[in-house]
Amino acid sequence: MGQLWTLRPATAEDAQWLADLKALAMRPDLERLGLWDRDWARQRFLDSFVPTNTDVIEIDGSPVGVIAVRPERDAQWIEHFYLHPSVHGRGIGEQVLRQVMDAHRDARRFRLAIDRGSKARRLYERLGFVHEYDDSNGVDQVFSAQGN
């Protein structure tokens, strides 16, 4: 069986539905942490959405997720990595992350932030990410992996 999903570059027109996807995907963790606020979750996405850094994940031409890579001088930040809950458990997240990291690999480390206690931690650790530090906000944990 071939690859189930494809990536396409995001456009500014994707912003609203991607903000809705972020709110849907993050709701369980934010509720667990006592921080759920749909409008805040959507706005936080919209405030940091850069289409040129972002790819939409599609299955059979239908969007099911998003992933972004924000380049900085010393690191490449994996951001806005969300899959619709209907496609969880198929291995798509791991496949997408591996492909995106391979495509962006250079001497810089990859970094990402996840909510404390997130189930996503297992995926990132399987791919070589290690806990670097807890953010002072008490919610985010920052992980990193070698770039090259």
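## Salt bridges

The whole structure holds 14 salt bridges. A salt bridge here is a side-chain nitrogen of Lys or Arg within 4 Å of a carboxyl oxygen of Asp or Glu. Side chains of opposite charge can pair when their charged atoms come close. The model is predicted, so local features need pLDDT of at least 70, side-chain atom pairs count only at pLDDT 80 or more, and totals for chains, interfaces and linings use all residues. Residues are numbered from 1 along each chain as its sequence is written, and side-chain values use heavy atoms, with hydrogens and water left out.

## Arg42 and Asp20

Arg42 sits in helix H2 (residues 38-48). Helices (H or I, at least four residues) and strands (E, at least two) are DSSP runs, numbered from the N terminus. Arg42 forms a salt bridge with Asp20, and their closest N and O atoms are 2.5 Å apart. This pair links distant parts of the chain: Arg42 is in helix H2, Asp20 is in helix H1 (residues 15-32), and they are 22 residues apart.

Is Arg42 buried or exposed? Arg42 counts as buried because its relative accessibility is 13%. Buried means under 20% relative accessible area, exposed over 50%, and partly exposed in between (1.4 Å probe, protein chains only). Asp20 has 32% relative accessibility, so Asp20 counts as partly exposed. Leaving aside neighbours within four places in sequence, Arg42 is in contact (heavy atoms within 4.5 Å) with Gln16, Ala19, Asp20 and Ala23.

## Glu94 and its partners

Glu94 meets Arg98 in a salt bridge, at 2.8 Å from N to O. Both residues lie in helix H3 (residues 92-104), four residues apart, about one turn of the helix. Arg98 counts as partly exposed because its relative accessibility is 43%.

Glu94 also meets Arg126 in a salt bridge, at 3.1 Å from N to O. Here the link is between distant parts of the chain: Arg126 is in helix H4 (residues 121-126), Glu94 is in helix H3, and they are 32 residues apart. Arg126 has 53% relative accessibility, so Arg126 counts as exposed. Elsewhere, salt bridges that share partners join Arg8, Asp14 and Glu58 into one network.

## Nonpolar cores

A nonpolar core is a set of buried Ala, Val, Leu, Ile, Met, Phe, Trp, Tyr and Cys residues joined through side-chain atoms within 4.5 Å. The largest has 24 residues, and Ile78, Phe81, Leu97 and Phe129 touch the most other members. Which element gives the largest share of this core? H3 does, with five residues.

Leu97 touches Ile67, Ile78, Phe81, Tyr124, Leu127 and Phe129, not counting residues up to four places away in sequence. A second, separate core has 14 residues, including Ala10, Leu18, Leu30 and Tyr82.

## The sheet and its helices

Seven strands form an open sheet with mixed pairing, in the order S1-S2-S3-S4-S5-S7-S6. Two strands pair if DSSP finds at least two bridges between them. Strand S1 (6-9) and strand S6 (130-134) stand at the edges with a single partner strand each, so one side of each has no neighbour in the sheet. The twist averages 30° from one strand to the next. S1 and S2 pair in the antiparallel sense over four bridges. Thr6 has Glu58 in S2 as its bridge partner.

H1 lies across S1, S2, S3, S4 and S5, and runs at about 85° to S3. H3 packs on the sheet and touches S1, S2, S3, S4, S5 and S7, with its direction at about 155° to that of S4. Axes are lines fitted to C-alpha atoms, for helices over the stretch in contact, and angles run from 0 to 180 degrees between N-to-C directions.
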